[in-house]
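I would like to walk you slowly through one protein chain, so please have the picture open while I talk.

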Amino acid sequence: MAKLKVGVLISGRGSNMAALIEAARSPGYPAEIAVVISNVATAGGLETARQAGIPAVAIPHKGYPDRESFDRAVSAELERHGVGLVALAGFLRIQSPWFPAHWKDRILNIHPSLLPSFPGLHVQQQALDAGVRLSGCTVHFVTAELDAGPIVAQAAVPVLPGDDADRLAARILRQEHRLYPEVVRWFAEGRLRVDGQRVAVEGLPAGATLLFSPEP
Ligand code: GRF
């Protein structure tokens with residue numbers, strides 16, 4: 001069967017992008033990374049993608065008069081590569097409502113908190129300031145409202161005494177790299193059904209789980 005083509009949008013180092021590329025290398029994986037696009041020309045992830053032999057394109061947002069015209073340019077590039085799923089991975093650009101409407105139910109994001117707690121930026125510091133004992137990451141469908149679309153899956157990690165934002169971010173990031181490729185696999189296998197704010201994952205194979213718990 002033809003593999004699903006995924007377009008990954010980044011703005012920085014692209015470690016989640018790299019995790020997706022790595023997962024897609026295994027022969028049985030049902031998706032391939034067709035293109036990586038960054039709004040920041042110097043994003044380290046572009047070079048990582050090129051080294052992996054994946055088309056990597058910079059589309060600097062400064063060249064566009066408004067958000068929607070930038071979004072339409074990104075969209076045209078994704079479509080040129082036959083993309084069927086957009087994966088935001090550290091893409092630090094607020095999109096116009098046009099983009100999630102155009103890619104409705106075909107666009108995912110990964111966020112480093114257990115949403116709906118702590119949307120937005122400086123997420124780990126928000127978690128530390130709130131004193132939570134548990135944090136983690138969330139993969140969700142993208143809607144016009146920031147970090148608020150239907151949740152597909154989450155992974156939890158403990159917040160430990162002595163954590164600062166960097167230590168917590170590193171612990172969460174290890175789980176992001178497990179979770180995102182798994183959710184993209186489910187999408188590619190046609191298992192995800194969006195029903196309002198809720199997502200059903202149909203027919204998980206034996207051994208697969210929706211519960212990614214804290215590491216011991
Ligand atoms: C990750 O923590 C992701 O959850 C958030 O931005 C960060 C991107 O990191 N959206 P990377 O570029 O994937 O390394």
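This is a predicted model: local features need pLDDT of at least 70, side-chain atom pairs count only at pLDDT 80 or more; totals for chains, interfaces and linings use all residues.

The contact between them draws 20 residues from domain 1 and 15 residues from domain 2.

How much area do domain 1 and domain 2 bury between them? The value is about 1500 Å², and 72% of it lies on carbon and sulfur atoms. I give an area here because the size of an interface is often expressed as the accessible area lost when the parts come together. On the side of domain 1, the residues that lose the most area to domain 2 are N16, Y29 and L88, which together make up 31% of what that side buries.

Now, what kind of contacts are these? Between domain 1 and domain 2 the count of salt bridges is 0, while the count of residue pairs in polar contact, with both residues at pLDDT 80 or more, is 5. On the side of domain 1 that touches domain 2, the elements that give two or more residues are β1 (4-10), α1 (15-25) and β4 (85-88), and α1 gives the most, with 5 residues. Sorted by class, that side of domain 1 has 14 nonpolar, 5 polar and 1 charged residues.

N16 is found in helix α1, and N16 counts as buried because its relative accessible area is 7%, where buried means under 20%. Which residues is N16 in contact with, if we leave aside its neighbours within four places in sequence? They are A89, I110, L173, E176, H177 and Y180.

Next, please find V152, whose place is in strand β7, residues 151-158. V152 also counts as buried, at 7% relative accessibility. Not counting residues up to four places away in sequence, V152 touches L108, V139, H140, F141, V183, W186, L192, V199 and L210. By comparison with L20, V152 is 132 residues away in sequence and 17 Å away in space, taken C-alpha to C-alpha.

Finally, I would like to show you some details of the backbone. As background, most residues other than glycine have a negative phi, and most peptide bonds are trans. The peptide bond from L115 to P116, however, is cis, with omega near 10°, and P116 lies in the loop between β5 (107-111) and α5 (123-130). H122 is found in the loop between β5 and α5 as well, and H122 has a positive phi of about 50° although it is not a glycine. D147, for its part, has a phi near 55°, again a positive value in a residue other than glycine, and its place is in the loop between β6 (134-141) and β7.

Are H122 and D147 buried or exposed? H122 counts as exposed, at 66% relative accessibility, whereas D147 counts as buried, at 12%.

Conventions:
Residues are numbered from 1 along each chain as its sequence is written. Side-chain values use heavy atoms; hydrogens and water are left out. Contact means heavy atoms within 4.5 Å. Buried area is the accessible area (1.4 Å probe) that two parts lose on being put together, summed over both. A salt bridge is a side-chain nitrogen of Lys or Arg within 4 Å of a carboxyl oxygen of Asp or Glu. A polar contact is a pair of N or O atoms within 3.5 Å; within protein, one must be able to donate a hydrogen and the other to accept it, and residues adjacent in sequence count only if both atoms are side-chain atoms. Helices (H or I, at least four residues) and strands (E, at least two) are DSSP runs, numbered from the N terminus. Ala, Val, Leu, Ile, Met, Phe, Trp, Tyr, Cys and Pro count as nonpolar, Asp, Glu, Lys and Arg as charged, and the others, Gly among them, as polar. Buried means under 20% relative accessible area, exposed over 50%, partly exposed in between (1.4 Å probe, protein chains only).
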